[in-house]
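Please open the model in your viewer and keep the selection tool at hand. The stops below are meant to be taken in order.

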Amino acid sequence: MASSRADSDGASRLAMKMVVTGPFGAGKTTLIQSISESKVLATERSVSDGSTSKAKTTVAMDFGQLSIDEELSLSLFGTPGQKRFDFMWDILSQGMLGFIILVDVADEAGLLEAADILSFFRERANVPFVVAVNKCKRGKVAAMERARQELDLPAHIRVVACDARDRDSVKGVLLELLYAVLADVDASLPAPA
Ligand SMILES: Nc1nc2c(ncn2[C@@H]2O[C@H](COP(=O)(O)OP(=O)(O)OP(=O)(O)O)[C@@H](O)[C@H]2O)c(=O)[nH]1
Ligand SMILES: [Mg+2]
């Protein structure tokens, strides 16, 4: 599941694979760029169909890294948002220990897409996930409630508000996910004899 390797600072840490997914334009690449300690490998291309004011979109993946402590680091894989690249969703979901689904609740079409994306990833792996809502113009609480409702989330699933452009805010989301993954690992360990 997780693999050991040398980080960019030369330290050998256990890397936990986490995926950042969500609809087109939600802010996945931005989120990874805000938090990654290494230069983000981003495969972005010009948006070709003229249907949006956004200049670039992810066509394969984003990759960034973050060290947690001396022993642990996170490998962050961002997915493309557009469904036509969903073969990459499949590839990137392999071996993930958890995922973040980033949603802009003001984007109605994006909300519908988010429900499909969430089903896709939940079907691929039974791993913990956190729902992050950003661009909360009408307030964080309302945005979090909307996401919980539209994605039909059970009470134990964490929903957090964030600004994907802000490092500390993104750190908060990743910590939520990390706690959920560690709790999951803990729960699956056999009880002491
Ligand atoms: N206000 C605000 N803007 C954001 C936030 N996150 C991203 N943006 C902006 O939203 C736009 C899209 O961000 P991207 O990071 O390209 O979104 P993406 O999800 O990677 O997009 P695709 O790869 O095309 O699916 C950019 O102009 C960002 O600056 C946020 O939390 N708040
Ligand atoms: Mg992107």
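The tour goes from the ligand to a loop, then to another loop, and ends at a pair of helices.

**Before you start.** This is a predicted model, in which local features need pLDDT of at least 70 and side-chain atom pairs count only at pLDDT 80 or more, while totals for chains, interfaces and linings use all residues. Residues are numbered from 1 along each chain as its sequence is written, and chains are lettered from A and ligands numbered from 1 in the order in which they are written.

**Stop 1: ligand 1.** Select ligand 1 and the 18 residues around it. A residue counts as near if its C-beta atom, placed from the backbone, lies within 6 Å of the molecule. Gly27, Thr57, Thr58, Gly81 and Ala164 come nearest. Now colour the shell by class: 4 residues are nonpolar, 9 polar and 5 charged. Here Ala, Val, Leu, Ile, Met, Phe, Trp, Tyr, Cys and Pro are nonpolar, Asp, Glu, Lys and Arg are charged, and the others, Gly among them, are polar.

Which elements each supply at least two residues of this shell? They are α1 (28-35) and β4 (56-67), and α1 gives the largest share, 3 residues. Helices (H or I, at least four residues) and strands (E, at least two) are DSSP runs, numbered from the N terminus.

**Stop 2: the loop between β7 and α4.** Select Asn134, which lies between β7 (129-133) and α4 (140-150). Is Asn134 buried or exposed? Asn134 is buried, because 26 other C-beta atoms lie within 10 Å. The cut-offs are 20 or more such atoms for buried, 12 or fewer for exposed, and partly exposed in between, with C-beta atoms placed from the backbone.

Leaving aside residues up to four places away in sequence, Asn134 touches Ala26, Gly27, Leu102, Asp104, Cys162, Asp163 and Ala164. Contact means C-beta atoms, placed from the backbone, within 7 Å.

Lys135 has a positive phi of about 50 degrees, although it is not a glycine. Lys135 is also buried, with 21 C-beta neighbours inside 10 Å.

**Stop 3: Asp152.** Move to the loop between α4 and β8 (158-161), where Asp152 is found. Its phi is positive too, near 55 degrees. Asp152 is exposed, with 9 other C-beta atoms within 10 Å.

**Stop 4: α1 and α5.** Select Leu31, Ser34 and Ile35 in α1, which meet Arg167, Val170, Lys171 and Leu174 in α5. This contact has 4 nonpolar, 1 polar and 2 charged residues.

Technical notes: Contact = placed C-beta atoms within 7 Å.
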